[in-house]
Structure formats: structure tokens, C-alpha cells
Amino acid sequence: MTEINTLAQSVPDIASVTASQLLAYISVALLLQAFACVVFAMWRRTVPACAPQSAAYEDVVPAVNGAWSDWRDFRVVRREFEDAAQTQCSFHLQAVDGVPLTPFQPGQYLTFSLKLPGGVAGTPSGVRTITRCYSLSDRPAAAGYRITIKRALAPADRPELPSGQSSSFFHDHVHEGDVLQVKAPSGHFFIDPDATVPAVFIAGGIGITPMMSMLRWCTEEQPGRLVHLYYGVRSSNVHAFKLVLEELAAAHAAFKLNAVYSSPTAADVLGHDYQHSGHIDLALLRRTLPHGRHQFYVCGTPPMMRSLIPALREWGVQPDDIHFEAFGPASVRPTGLVSNEPALVTSASVAVRFSRSGRTLAWDAQDDNLLDFAERHGLPVESGCRSGRCGACQTRLLSGIVTYADKPDLDIPKGHCLLCVGKPQSALVLDA
Ligand SMILES: Cc1cc2nc3c(=O)[nH]c(=O)nc-3n(C[C@H](O)[C@H](O)[C@H](O)COP(=O)(O)OP(=O)(O)OC[C@H]3O[C@@H](n4cnc5c(N)ncnc54)[C@H](O)[C@@H]3O)c2cc1C
Ligand code: FES
């Protein structure tokens, strides 16, 4: 009781407060509020914003799409060819640790780290690690993944060149029971789940793989969604998933199959083996697609992409409704001369220092990206996809700013950059 009385006596009686005392209380309160605002503003200035502030994407934290963030062991449990000519082979993978897989977005890809034994595709003796991406070619399932790989042969006009390193390795050396190192599914090329908009899948050759994943997901999860597949190949010899596609078309009225053969064999029957002759072009799409909005997904050869994407835009398809992915050759180097001479840094150029190699070179905007630039000057740098997806060229950025014309698929850890799609915005020091 005594304590309560003492406390009550220490609080001023509001009725006994004079006007000048009240003014003093209000002034103190306002001063405290102003002080709190200043402290908050200073704190905001020292903490970086979550969104990237420049095209350098330096503040982006690596996103883990799935249950793991680095390499994980997967066992090949089955392999099977998908075409009559046996140029495209599927590999079924299961996680060695047995932990169920988190779902991926239909259309995404996996990244592989491969240890090539000496002698494969002309490599010298010893083991060499290369990195490559392969699209998931089936719908998401907890049990495992499937990828499908086409053997990349030497270009027809350069038969003396070695055939593709990774695809030859898969076809010739990867067998059931083998264990591979795999990164979690990633990529921004995947199906929009809005079932009210019909989807048009346009695939050229091995570009069928992400379409198989999206198609299998649609027929399973959205059986009423209208889906058109235009699949361009030479003939039935290299028509991958032929039987599966025909069975899907027979079972699902909403799935419209359009196999387009450019060079059918004498045994190929129009209307049975394939639906159209020639190549996939805008005229074919205009002739065969119903009116109305569609979402287009395109993955094919460089000539197909170069002609179809602008044609779709000219046709009036909204940019948001055109999705595309280019696989691109991975180890094809620029044809320019490689120079070991130090280039002089002039006032018009930007100095790029490769700290490990101890060389400073002048970026003179001749190259599309830092990877081409480094290779042109004979610097030893890692590469894989050459399109900002696999992370093989990821390099520590010791100082300076690297810019990207488009946001790379890969989330770049703070203090790093991707050489294959980056250009210097200022003088750079790279840990390479
Ligand atoms: C997101 C993504 C998804 C992909 N999905 C798939 C998929 O589902 N299935 C698939 O099969 N591929 C896919 N790819 C392509 C794949 O990653 C590889 O690029 C492809 O397998 C070729 O790699 P490689 O190592 O076999 O060939 P590389 O060794 O990289 O060679 C590529 C080509 O260049 C030729 N070549 C070799 N040396 C030279 C030279 N000096 N000059 C000119 N040419 C030369 C080779 O003969 C070969 O034809 C994908 C790529 C990306 C980026
Ligand atoms: S080479 Fe694949 S991200 Fe650069």
C-alpha cells in the first residue's frame, strides 16, 4: 500500500500541470520524435536495399530452387533412345541420398558437372571437368528426373572438328549405375499455369525436351487446356518421342500434334507419321491456329529462333506471350585471333585486370562479353553454357561494376560476376 502511494505521488496530477509545464512536455516529445526519425533515416542509408540497385545484380542472394544449393549426386537408373536413328538418348536419374525431389517448373533445366576421362572427344590424358545444362524432359515427379541428350556431331562443313564433348560422353560413357553431379533445377523458361490461355509449343530438333515436360504437365494437371505442339524435324528417323506423342494426341482431344518434316523418308506417310511438310513458319501458324490469344513457347535451332520470334512479334503477339530458350553451342569459341600481347589501356577504354594471371587488358568494346574478351587474349578461363545459366564462368569481382544486357538465369552471388554475359561498366579487377 505504501509503495502504491509513493508511485502515485511521483506522477504529476494532470489538473495541477501549468500551461508552461505542458508546453515543455510537448516540446520534449517532439524533440524525441525528430531524433528517432534521424536515427531511422541513417540506418536506412547503411542497410542495402533488397532489390538490385544497378544492372550488376550484386546484391542478389543465390536462390535455392529445390532442396539443394550446390552439387548433388544422382544415379543413372535407366537410359533409352528416343528416336529410330538413336541420336537422342534419355537418362533417368535418381538422387543417391534418397531424399524426395521438390517439384520443378515444367520447362526448367539441370546443370551437370562432368569429369571427362582423357581421350574423350580428343581431350588430352587426365581428367577434365566441364559444365553443361540439359532441360528436364518429363513432368515433375518426386521419384526422379529425366533428361534427353542429342549427340552433337561436328558441323557438316567442318568434319575434321571433334564432336560434342559432353553429349558424346553421355552417349558413349554414361551407363546405368553411374553417378553424376547435378545442380538443382533452374531457368526462367517454363509454362504459365493460367489454364485459360491456350499454349503453343514450337520445337526444332532437340528443342523438344522442355516442351515434353510442359506438355506432359499440361495433359496431367490441366487436361482441358488447349495445347498445340509444332515439332520440326527432318524425318521419322530423328522424330523423338514419336509413339508417346501420338498416344498423347489420341488420348487428349485438347492436344493438337503438328509434326513438321523437312525431309521425309520414302516410307514416311503424310497424315500418319507427320502432319505438315517443310519448315515451321508464320504461314503455317496462321493457317492452323484458331483465332484468339495464345502463349507461345519456342525452343529450336538458331535459324528457327531468328526467323520465328520477330515474325510472331510482327504478327501482333504481345511480348509477354512469347517465351523462348536457345540451347546454343557450348564450347564454340569466337573466330577472332587470340592475342597474348598486352593491349594498351587508352583514355577511351576501360582497364580490366586479371589478378591471378597478372595481366591488365584494355576493354575496347570489340567483344560481346568478358569471356570472349579473355579468350581472345589467351587467358585461361572456365566456361560451359556461354549464356549465363551454368555458372562455370562465375568469377570473383574484386572491384568494379559488371553490367548485363539481360538478367542472367543464374542468380549471381554477391561479389561475383558471370564473364559469359557480362561487360565492364567501370575498370575491373577480376580474380582470374
Ligand atoms: C538451358 C539449356 C538447356 C539445354 N537442354 C538440352 C537438352 O535438353 N538436350 C540437349 O541435347 N542439349 C541441350 N542443351 C545443349 C547442351 O547444354 C550442350 O550445349 C550440347 O549437348 C552440346 O554440348 P557438347 O559438350 O556435346 O558439345 P561441345 O563440345 O560444346 O561442342 C558443340 C559443337 O561445336 C562443335 N565444335 C567443336 N569444336 C569446334 C570449333 N573449334 N569450332 C566450331 N565448332 C566446334 C562440336 O562438334 C559440336 O557440334 C541445353 C543448353 C542449354 C543452355
Ligand atoms: S559459361 Fe555458363 S554461366 Fe557463363
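Two strands count as paired if DSSP finds at least two bridges between them.

Some ground rules. This is a predicted model; local features need pLDDT of at least 70, side-chain atom pairs count only at pLDDT 80 or more, and totals for chains, interfaces and linings use all residues. Residues are numbered from 1 along each chain as its sequence is written, and chains are lettered from A and ligands numbered from 1 in the order in which they are written.

Confidence next. pLDDT is the predictor's confidence in each residue, from 0 to 100. The chain average is 84. At least 70 is reached by 78% of the residues. Two stretches stay under 50: residues 1-12 and residues 37-65. What contacts do they make? A contact means C-beta atoms, placed from the backbone, within 7 Å. For residues 1-12 the model has one contact beyond four places in sequence. For residues 37-65 it has 28.

Now the overall picture. The chain holds eight helices and 19 strands. Of its 432 residues, 33% are buried. Buried means 20 or more other C-beta atoms within 10 Å of the residue's own; 12 or fewer is exposed, in between is partly exposed, and the C-beta atoms are placed from the backbone. Take the contacts with a separation of 6 or more: 66% of them join residues 24 or more positions apart.

On to the six-stranded sheet. It is open, antiparallel, and ordered β4-β3-β6-β1-β2-β5. β4 (128-135) and β5 (145-150) are the edges; each has a single partner strand, so one side of each has no neighbour in the sheet. From one strand to the next, the twist averages 40 degrees. For angles, axes are lines fitted to C-alpha atoms, for helices over the stretch in contact; values run from 0 to 180 degrees between N-to-C directions.

Look at β6, residues 179-186. Six of its eight residues are buried, so the rest of the structure largely encloses this strand. Which strands flank it? On β1 (residues 72-81), four bridges make an antiparallel pair with β6. There, F74 stands opposite L180, and R75 has V179 as its bridge partner. β3 (residues 109-116) also runs antiparallel to β6, again over four bridges. In that pair, S113 faces Q181.

Next, β7, residues 199-204. Is it buried or exposed? Six of its six residues are buried. One side carries A199, F201 and A203; the other carries V200, I202 and G204. Both faces are covered.

G204 has G232 in β8 as its bridge partner. With β11 (residues 295-299) there are five bridges. There, V200 is partnered by F296.

Between β7 and β8 comes the crossover. β7, α4 and β8 make a right-handed β-α-β unit. Right-handed means this: with the strands pointing away from the viewer, the path from the first strand over the helix to the second runs clockwise.

What does α4 look like? α4 is mostly covered, with 11 of its 14 residues buried. Among them are I208, M211, M212, L215 and W217.

Last, the five-stranded sheet. It is open with mixed pairing, in the order β14-β13-β19-β15-β17. The edge strands, β14 (359-363) and β17 (416-418), each pair on one side only. Neighbouring strands are turned by 35 degrees against each other on average, direction ignored. Inside the sheet, β15 (residues 394-399) and β19 (residues 428-430) run antiparallel over two bridges. L397 has L430 in β19 as its bridge partner.
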